[in-house]
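Thanks for making time this morning.

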Amino acid sequence: AGGGRMIDRLRKWYYNAAGFNKLGLMRDDTLHEDDDVKEALKRLPEHLYNERVFRIKRALDLSLKHQILPKDQWVKYEEDHHYLEPYLKEVIRERQEREAWNKK
Amino acid sequence: KRFYSLKVAPKVASSATAAKVKLSPESQDLEITKLPNGLVIASLENFSPTSRIGVFIKTGSRYETTSNLGTAHLLRLASNLTTKGASSFRITRGIEAVGGSLSVHATREKMAYSVECLRDYVDTVMEYLLNVTTAPEFRPWEVAELQPKLKVDKAVAFQNPQVGVLENLHAAAYKNALANPLYCPDYRVGKITSEQLHHFVQNNFTSSRMALVGIGIKHSTLKQVAEQFLNIRSGSGAPGAKAVYRGGEIRKQTGDSLVHAAIVTEGALVGSPEANAFSVLQYVLGAGPLVKRGSNVTSKLTQGVAKATSQPFDVSAFNVNYSDSGLFGIYTISQAPNAGEVIKAALNQVKAVAQGGVTDADVTTAKNQLKANYLMSVETSKGLLNEIGSESLVSGTHTSPSVVAQKIDSVATADVVNAAKKFISGKKSMAAAGDLGNTPFLDEL
């Protein structure tokens with residue numbers, strides 16, 4: 001139990017050190033867009049996709065001005081939803097299924 | 001001995017005592033059970049090397065409302081989408097791998113999902129069939145990808161002008177339910193949502209409206225499968241509206257030089273005593289050529305119309321039965337300039353029959369043709385499955401072919417004449433397509 005809390009604290013520290021939350025981004029906004037992520041993005045419901053586009057636009061704007069958001073608007077570790085994860089997992093599972101079939 | 005001539009080939013004496021080889025054990029009888037939740041299970045173990053299993057559901061385009069038209073059509077095309085147990089890819093590849101096939105056939109009143117495969121692989125394809133009928137997921141992106149197929153499907157179907165005329169005929173003849181088109185209306189393509197599909201399945205694919213039919217499979221296997229897997233949605237689902245006949249006409253002016261016209265009145269319900277009379281009347285009048293590309297001289301309708309025109313034409317009697325209504329009438333295809341004469345001559349022929357102008361010999365010939373047609377249609381496993389399934393849905397029983405033949409034989413000439421009278425006196429509906437300059441309106445007939 002103590003070990004678990006240690007790992008959590010480490011995770012939170014790393015999240016804040018990484019710094020993308022200061023630009024108002026969530027973890028899934030920063031994923032490298034390989035084929036799987038592109039396919040998962042196609043499957044996002046519209047409201048999630050629009051929110052993602054807004055966040056990225058805002059972050060690009062801040063980055064060009066060399067600014068960051070005020071501290072009260074930073075994304076908190078607890079509020080960071082991994083919204084793309086279920087879709088991404090499904091896409092990867094389907095791709096692996098297809099590869100397994102084609103190998104047979 | 002010359003080895004090259006057949007004449008001196010050594011004769012093989014056929015042994016008269018060789019054991020007779022039976023191709024397959026005697027086919028068993030059809031077994032039919034009705035589960036307490038309303039599901040009907042029917043199976044015919046005929047020991048054939050292939051099995052054919054179908055899930056029949058009492059649903060179709062008639063159960064749509066104006067807010068979800070086209071859902072049944074999209075559902076027809078959606079049989080290979082991802083389900084809870086298998087992804088779309090797996091269903092396609094899995095069925096291909098065992099050499100089976102999954103198909104959907106839908107009418108206004110029933111949908112039939114059927115798989116066929118070699119006996120040994122029945123378990124595999126059955127799993128996919130059950131997944132598709134009970135647990136489809138209708139993922140939004142898959143449904144969105146499917147919508148353009150609606151257009152393609154419709155375009156392919158409407159290449160045949162009869163499809164368009166029959167859709168219009170139903171729309172003209174009924175106020176609701178049966179008036180719904182089989183094919184998705186254009187304005188709905190791209191707008192059918194995954195929720196509507198889910199809703200449709202939840203409300204219509206219930207146990208009491210389904211029948212599980214198998215040919216070439218043991219009854220106990222089917223029963224086990226049904227009790228375990230097809231028990232998910234009980235109840236009778238959303239009731240369909242009762243079809244109300246109204247009798248109207250729809251005309252579609254195109255530049256086509258061939259005019260297709262159908263004129264009908266309300267006919268008989270499935271399974272009613274008049275149904276057989278109307279079927280026999282259909283064959284008395286002429287229900288399509290019996291000799292391919294022949295001139296169809298024996299059909300009364302053809303004879304009557306041939307007196308009225310020398311241009312090419314085609315005419316046949318049209319008969320369709322639904323669970324709470326039916327349509328009976330004539331279908332004519334004629335050259336645009338003399339469409340009027342053809343239609344009037346055809347109607348006069350039916351009038352002649354209604355006034356008693358039909359002999360017993362005619363009726364017997366028609367009965368034989370009807371019986372032959374029916375028996376030939378249940379000879380194939382596909383036709384047989386369809387027949388068993390449809391009947392299980394409607395009544396939960398099965399009428400053997402010999403009983404069907406008897407019922408056809410019991411139709412009297414007077415019944416046929418009465419059926420014709422009903423057509424002449426009933427409120428008519430009409431649908432026509434083509435260059436309609438010379439095609440009469442209903443009130444001119």
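Let me begin with B:L285, which, leaving aside residues up to four places away in sequence, touches B:S299, B:K300, B:L301, B:A317, B:F328, B:V350 and B:V353. What you are looking at is a predicted model, and for the complex the predictor gives an ipTM of 0.79 and a pTM of 0.84. For chain B the mean pLDDT is 86, with 94% of its residues at 70 or more.

B:L285 belongs to the largest nonpolar core, which has 58 residues, and together with B:V280, B:L281 and B:L301 it touches the most other members. Helix α10 of chain B, residues 339-354, supplies the largest share of this core, namely nine residues. At least three residues come from each of domain 1 (29-230) and domain 2 (247-434) of chain B. Another core, of 45 residues, lies apart from it and includes B:I95, B:V115, B:V132 and B:L150.

As for annotation, an unreviewed UniProt entry places the feature "domain: Peptidase M16 N-terminal" at residues 41-186 of chain B. That span is 42% helix and 18% strand, and its end C-alpha atoms lie 38 Å apart.

Now to the charged side chains. How many salt bridges does a search of the whole structure find? Over all chains, the search finds 26.

In chain A, A:K42 forms one with A:E39, where the closest N and O atoms are 3.7 Å apart. Both residues lie in helix α2 (residues 35-42) of chain A, three residues apart, or about one turn of the helix. A:K42 counts as exposed, at 64% relative accessibility, whereas A:E39 is partly exposed, at 26%.

A second pair in chain A is A:R93 with A:E90, whose side chains meet in a salt bridge at 3.0 Å, N to O. They are separated by about one helical turn because they stand three residues apart in helix α4 (residues 85-103) of chain A. Here A:E90 counts as buried at 18% relative accessibility, while A:R93, at 37%, is partly exposed.

In chain B, the side chains of B:K371 and B:D409 also meet in a salt bridge, at 3.0 Å from N to O. This pair links distant parts of the chain, with B:K371 in helix α11 (residues 360-377) and B:D409 in helix α13 (residues 401-409), 38 residues apart. B:K371 is buried, at 18% relative accessibility, and B:D409 is partly exposed, at 40%.

Finally, salt bridges that share partners join A:E39, A:K42, A:R43, A:E90, A:R93, A:E94, B:E137 and B:R139 into one network.

Conventions:
Residues numbered from 1 in each chain as written. Chains lettered and ligands numbered in written order. Predicted model: local features only at pLDDT ≥ 70, side-chain atom pairs only at ≥ 80, totals over all residues. Heavy atoms only, no water. UniProt positions renumbered as here; feature names shortened; annotations may be inferred. Helix = DSSP H or I, 4+ residues; strand = E, 2+ residues; numbered from the N terminus. pLDDT = per-residue confidence, 0-100. Core = buried A, V, L, I, M, F, W, Y, C linked by side-chain atoms within 4.5 Å. Buried < 20%, exposed > 50% of the residue type's maximum accessible area, 1.4 Å probe, protein only. Domains from an automatic or database assignment. Contact = heavy atoms within 4.5 Å. Salt bridge = Lys/Arg side-chain N within 4 Å of Asp/Glu carboxyl O.
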